[in-house]
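Visitor: I would like to learn how to read the strands and helices of a model such as this one. Could you take me through it step by step?

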Amino acid sequence: MLVPIMGLMAKLIYSAIASLDGYIEDADGRFDWAAPSAEVHAFVNELERAVSTYLYGRRMYETMLFWENPPELAEQPPTVREFARIWQAADKVVYSKTLQRATSTRTRIARDFDPHAVRELKATAAADLTVGGAELAARAIAAGLVDEYQLFLAPVLVGGGKRALPDDHLHLNLELLEERRFPDGTVYLHYRSVS
């Protein structure tokens with residue numbers, strides 16, 4: 001069991017794969033263009049291994065629920081099998097007023113997004129947390145809860161859809177911590193919020 005170190009707070013990280021023009025899904029709700037290459041997938045696995053808890057809205061949870069029991073997992077590439085194990089081992093908090101019950105293990109439902117409760121979770125977590133889904137991430141960003149951003153920019157323009165980052169005149173200063181280019185044209189950008 002991991003135990004938090006006194007005085008150190010877990011980080012809340014927003015991680016997303018987006019088109020170059022800033023969308024996580026296109027105008028038709030599709031995101032098949034965002035499927036990572038094996039190299040990108042392996043890198044994502046390395047990042048996700050350090051996460052103890054995923055915070056999701058209902059739609060993102062229902063999308064990620066695939067990883068609870070992927071079909072024909074034994075025949076999938078090692079990176080896919082590894083991500084399934086990582087996802088299954090993490091705790092999940094799903095924010096939904098309509099979802100009646102969780103259908104995955106290690107999952108609880110919270111009816112309201114409470115910034116104070118998320119701060120407490122960060123203070124007591126043994127490892128970092130991620131927030132998944134643009135709408136929930138926007139709420140966490142507006143509440144000043146997101147410490148770091150891990151953005152994967154896919155080499156595609158989709159022209160519209162759901163934006164990866166809030167579009168509500170929010171101003172934040174960020175410090176670039178890391179960048180990486182992948183052979184498939186994907187670019188990884190890792191930023192930290194600065195005061």
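Predicted model: local features only at pLDDT ≥ 70, side-chain atom pairs only at ≥ 80, totals over all residues.

Visitor: What is the order of the strands in the open sheet?

Guide: The open sheet has eight strands, and reading across it gives β5-β4-β3-β6-β1-β7-β10-β9, with pairing that is mixed. The edge strands, each of which pairs on one side only, are β5 (107-110) and β9 (173-181). From one strand to the next, the twist averages 25 degrees.

Visitor: Which strands does helix α1 lie across?

Guide: Helix α1, residues 38-48, lies across β1, β3 (51-57), β7, β9 and β10 (187-194), and its direction is at about 170 degrees to that of β7. Helix α4, residues 115-124, lies across β1, β3, β4 (91-95) and β6 (128-132), and runs at about 165 degrees to β3.

Visitor: How should I describe two helices that pack together?

Guide: Two packed helices are described by the angle between their axes and by the distance between those axes. Here, α1 packs with helix α3, residues 78-89, at an angle of about 25 degrees, and their axes are 9 Å apart. Angles under 35 degrees count as roughly parallel, and α1 and α3 are therefore roughly parallel to each other. The crossing in which α1 passes α3 is left-handed.

Visitor: Which residues in α1 and α3 meet?

Guide: From α1 come Ala 38, His 41, Ala 42, Val 44, Asn 45 and Glu 48, and these meet Thr 79, Val 80, Glu 82, Phe 83 and Ile 86 in α3. Sorted by class, the contact of α1 with α3 has six nonpolar residues, three polar and two charged.

Visitor: What does the radius of gyration of the protein chain agree with?

Guide: For 195 residues, a compact globule would have a radius of gyration near 16 Å, and the protein chain has 16 Å, so the value agrees with that expectation. Taken along the principal axes, the box filled by the C-alpha atoms of the protein chain is roughly 45 × 40 × 35 Å. As for its secondary structure, the protein chain comes to five helices and 10 strands.

Conventions: Residues numbered from 1 in each chain as written. Heavy atoms only, no water. Pairing = 2+ DSSP bridges. Helix = DSSP H or I, 4+ residues; strand = E, 2+ residues; numbered from the N terminus. Axes fitted to C-alpha atoms, helices over the stretch in contact; angles between N-to-C directions. Contact = heavy atoms within 4.5 Å. Parallel < 35°, antiparallel > 145°, perpendicular 65-115°, else oblique. Left-handed = near helix turned anticlockwise from the far one by under 90°. Nonpolar A, V, L, I, M, F, W, Y, C, P; charged D, E, K, R; others polar. Rg over C-alpha atoms; globule rule 2.2 N^0.38 Å.
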